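Work through these exercises with the sequence and the model open. Try each task before reading its solution.

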Amino acid sequence: MDNLILAKTKSTLGVNFNASSGECVLEGSSFPENTSDFFKPVTDWLIKYMLEVTGKVTLNLKFDYLNSSSIKFISDIADRLQSYHNAGAEVELKWYYDENDEDILEMGQELKEDINFPFNLIMK
Amino acid sequence: MAELSTYKYFYEYEGVFSHQYLLDINEKFEKDLISFVEHKVFKLFFFCVNEMIQNVGFYSAEKRLMEDSKEFGYGSIKVILTENTFEILTTNLISEEQQDKITEKINKLNSLNADELKGLYKEKLRSDQEFDSKGGGIGFIEIIRKTKNPIAINFEKTNNLIKLNMKVVINVGVQNG
């Protein structure tokens, strides 16, 4: 299975998903022109990895800004990881935030409330 | 509305709310405003203004076709910074059917308390996207939750369509100097 690498732009996240290690990184700001078009290959890659590779997933999220529709897609990814974890897989989520960025911290805290796999809030 | 000279910052635009406009105006706001307001207030402003611009771009009943064959909504926006508040005002045309939906939706959201808004936010996060929503249906909820202020709307009749005026207010802690 190939890695998924997308360069960061002003309005879309940088993506670096590694099929060998399961280390996955999303970073930057997200307010795409079409949110579904951006997140579809990201979600599809994760689904394929969980079905075919069946290895550990470590999702590293390093956001500067997410618009409301992007938040929904991130929540959907977290739910898919929860199902993967429930099925016995090893899953870890690392949510990074800047010391003075309460907004991103609160977003992570609220997502964590509904997750019961290892979810770490990490100050950058 | 006060005299322009009493504002700490004023911006207005009427035109197409394309994705390129959003990219350009974000750069301008960052450059113009970062020295006026605290970082956390700027982040809140950035969230609200992006949601409102994308809302006009997606849902205005008046569309314009761009050179790349993409279609975007037409409308207007004003940003006003005073000592105590940021005001973001947008205007765009909508249909009568949209008027009823928007009125019902905003009135409901404005009536909810913080816990109810959080509950609805979580419910919407996990629901299928609303059939006519490109924003996942949580943009207005998040604006009210984050600003802790209601969204103000009013309507003006123009020919066969209706002009929607929307205002979001952010309370500001203006830095000295």
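**Exercise 1.** Compare the span of helix H2 (residues 68-86) of chain A with the expected span.

*Solution.* Helices (H or I, at least four residues) and strands (E, at least two) are DSSP runs, numbered from the N terminus. H2 of chain A has 19 residues. The expected span is 1.5 Å times one less than the number of residues, which gives 27 Å here. From first C-alpha to last, the helix reaches 27 Å, close to that expectation. Just after H2(A), Gly88(A) takes a positive phi of about 105°.

This is a predicted model: local features need pLDDT of at least 70, side-chain atom pairs count only at pLDDT 80 or more, and totals for chains, interfaces and linings use all residues. Residues are numbered from 1 along each chain as its sequence is written, chains are lettered from A and ligands numbered from 1 in the order in which they are written, and side-chain values use heavy atoms, with hydrogens and water left out.

**Exercise 2.** Is Thr58(A) buried or exposed, and which residues does Thr58(A) touch?

*Solution.* Start with the location: Thr58(A) lies in strand E4 (residues 57-66) of chain A. Next, the accessibility. Buried means under 20% relative accessible area, exposed over 50%, partly exposed in between (1.4 Å probe, protein chains only). Thr58(A) has 4%, so Thr58(A) is buried. Last, the contacts (heavy atoms within 4.5 Å). Leaving out residues up to four places away in sequence, Thr58(A) touches Gly22(A), Glu23(A), Cys24(A), Glu92(A) and Lys94(A).

**Exercise 3.** Describe how helix H2 (residues 39-59) of chain B packs on helix H5 (residues 139-147) of chain B.

*Solution.* Two packed helices are described by the angle between their axes and the distance between the axes. Axes are lines fitted to C-alpha atoms, for helices over the stretch in contact, and angles run from 0 to 180 degrees between N-to-C directions. The axes of H2(B) and H5(B) come within 10 Å and cross at roughly 155°. H2(B) is therefore roughly antiparallel to H5(B) (under 35 degrees is roughly parallel, over 145 roughly antiparallel, 65 to 115 roughly perpendicular, the rest oblique). Now list the contact. Leu44(B), Phe47(B), Cys48(B), Glu51(B), Met52(B) and Asn55(B) of H2(B) meet Gly139(B), Phe140(B), Glu142(B), Ile143(B), Lys146(B) and Thr147(B) of H5(B).

**Exercise 4.** At what angle does helix H4 (residues 114-125) of chain B pack on H5(B)?

*Solution.* The angle is about 150°, with the axes 10 Å apart. That makes H4(B) roughly antiparallel to H5(B). On the H4(B) side, the contact includes Leu117(B) and Tyr121(B); on the H5(B) side, Ile141(B) and Arg145(B) are among the residues.
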